[in-house]
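Let's take a walk through this protein, one piece at a time. Keep the viewer open and follow along.

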Amino acid sequence: MSQTLAIDERQDFITTKGRQKAHLKCDADSIAGCVSQRACVYCGARVVLNPITDAIHLVHGPIGCSAYTWDIRGSLTSGEDLFRNSFSTDLREQDVIFGGEKKLTAAIDQLAVKYHPKLIFVYSTCIVGVIGDDLEAVAKAASKKYGIEVVPVQSSGFIGNKSAGYKAACDALFRLIEPENRAKVGKTKSINYLGDFNLAGEAWIIKEYFRQMGVKVNVVLTGDSSYDQLKKVTQASLNIMQCAGSMNYFAGRMQETYGIPYMQVSFLGLEDTADSLRRVAAAVGDAETIRRTEELIARELEVTAPIIEGYKKKLAGKKAAVYVGGGFKAISLIKQFRELGIEVVMIGTQTGRKEEYDTINDLASEGTVILDDANPAELEKFMAVQQADLLVGGVKERPLAYKLGKAFIDHNHDRKHPLSGYVGAVNFAKEVYTTVCSPVWKYVRPGGVTHE
Ligand code: SF4
């Protein structure tokens, strides 16, 4: 297979398992001239912080940046719903010339008086990075004036890619817990569950498993969390982390600062769900916890395994392409597709880390194309060359699949049904079957994509 690419510098970011280098370049800025599928820095920060239900999310920037709202994300709440709003300072040309700090102060005043929040996040955007508004100073003055926490999120463009936004969000979270909670470290034998944003209620599904196992969940970061819960985050004795791309930095800082260890988990697919539940039980539980965990897994498998087996028979021989945000999801999806008898022939991520790509390379079948920070032309090319029947991705990848006449599954924040845990594994299998085996593909003539 030819790997001729439109942009030569992209060669290092793509490899074919078994035929080329085992290590590919990743965790780097996008190549100039490529249309990266990555979201911007601000968007990366907003993904992490937006599920905090009782916070005000104020976007200091042009109105377009605040197009990101709850309505295009699926985080659910069991309490407040202030987070469903998206507030903006609506910066205009005049503000860009004369500075936007007065407008920001006025916006915070208005929001503090109207909503009486305990917490306001102020997001910096690209233009704020250019004009240099002092978010720290404005936030500090507002915090003092209203006796609440106003936290700047340093997520202006040009400081990096979506990963820099994750880090900006984690820095903002860390400011909430420092320094007063040093005395309350690891007080309870419980876990924090990091990197679950309660899309379609997924965090609730996993919390219910832990309840049945007898494992106490201290705080979920950040799905369905609140200001008061976040203040207790240091009280857990272990952090478990699902979305490592967004939370690895936070987990590392928690370990460094408070001595709270962390472990990677994944609740995607039957194999990873059972493995993660067992490892958590072994880490924080006793013999009784382990017994209850085994009972839970056996109970769930009795119901779900035959369903998955039924779909597997219908999906034999199909091939999947995967392009998702982070490495943990990509790794789990290879295993989850194997549970369905489907081979992954192309796999990539926006922000995967080296160790995650090493695992992907180990798991992938010979001939699988592995690529980091892909652009639309590459995704189209490799989906076609590898003859994938299906693409798993986010909203930006959907039209790429449909143009090629291929099935698509949304595995991003926009979806409205859970894909985590046992119920999620069944939902996923059902969705794969209904989309891949839909009769519609017989009537589609793929668009004019050429490839070598
Ligand atoms: S202007 Fe910058 S911060 Fe706003 S949405 Fe676009 S890239 Fe993101």
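The centres of domain 1 and domain 2, taken over C-alpha atoms, are separated by 33 Å. What you're looking at is a predicted model, where local features need pLDDT of at least 70 and side-chain atom pairs count only at pLDDT 80 or more, while totals for chains, interfaces and linings use all residues. Residues are numbered from 1 along each chain as its sequence is written.

The protein is divided into domain 1 (8-34 + 309-443), domain 2 (41-178) and domain 3 (181-293). Those bounds come from an automatic or database domain assignment.

Where domains 1 and 2 meet, 8 residues of domain 1 are in contact with 8 residues of domain 2. Here, "in contact" says that the C-beta atoms of two residues, placed from the backbone, lie within 7 Å. On domain 1's side of that meeting place, you get no nonpolar, 4 polar and 4 charged residues. For these classes, Ala, Val, Leu, Ile, Met, Phe, Trp, Tyr, Cys and Pro count as nonpolar, Asp, Glu, Lys and Arg as charged, and the others, Gly among them, as polar.

## Around the ligand

Which residues surround the ligand? They are Cys40, Tyr42, Cys43, Gly61, Cys65, Thr125, Cys126 and Gly157. A residue is near a molecule if its C-beta atom, placed from the backbone, lies within 6 Å of it. Sorted by class, this shell has 5 nonpolar, 3 polar and no charged residues.

## Two open sheets

Now for the strands. Strands of a sheet pair through backbone hydrogen bonds, either parallel or antiparallel. Two strands pair if DSSP finds at least two bridges between them. Strands (E, at least two residues) and helices (H or I, at least four) are DSSP runs, numbered from the N terminus.

Strand S2 (residues 55-60) runs parallel to S3 and is joined to S3 by 2 bridges. Look for valine 59, which stands opposite serine 88 in S3.

In the loop between S5 and H6 you'll find phenylalanine 158, which has a positive phi of about 70° although it is not a glycine.

Another open sheet of 4 strands has the order S7-S6-S8-S9, again with parallel pairing. S7 and strand S9 (262-264) stand at the edges with a single partner strand each, so one side of each has no neighbour in the sheet. On average, neighbouring strands here are turned by 20° against each other, direction ignored. Strand S6 (residues 191-196) and strand S8 (residues 238-241) pair in the parallel sense over 4 bridges, and isoleucine 191 has leucine 238 in S8 as its bridge partner.

Strand S7 (residues 217-222) includes threonine 222. The peptide bond leading from leucine 221 to threonine 222 is cis, with omega near 0°.

## Helices side by side

Two packed helices are described by the angle between their axes and the distance between the axes. Here are two pairs to find.

| Helix pair | Angle | Axis distance |
|---|---|---|
| H7 (residues 202-213) and H16 (residues 421-436) | roughly 135° | within 8 Å |
| H12 (residues 327-339) and H13 (residues 354-363) | about 10° | 9 Å |

Angles under 35 degrees count as roughly parallel, over 145 as roughly antiparallel, 65 to 115 as roughly perpendicular and the rest as oblique. H7 and H16 are therefore oblique to each other. Their contact is made by Glu202, Ile205, Ile206 and Tyr209 of H7 and Gly421, Val423 and Gly424 of H16.

H12 and H13, by their angle, are therefore roughly parallel.

Definitions and conventions:
Axes are lines fitted to C-alpha atoms, for helices over the stretch in contact, and angles run from 0 to 180 degrees between N-to-C directions.
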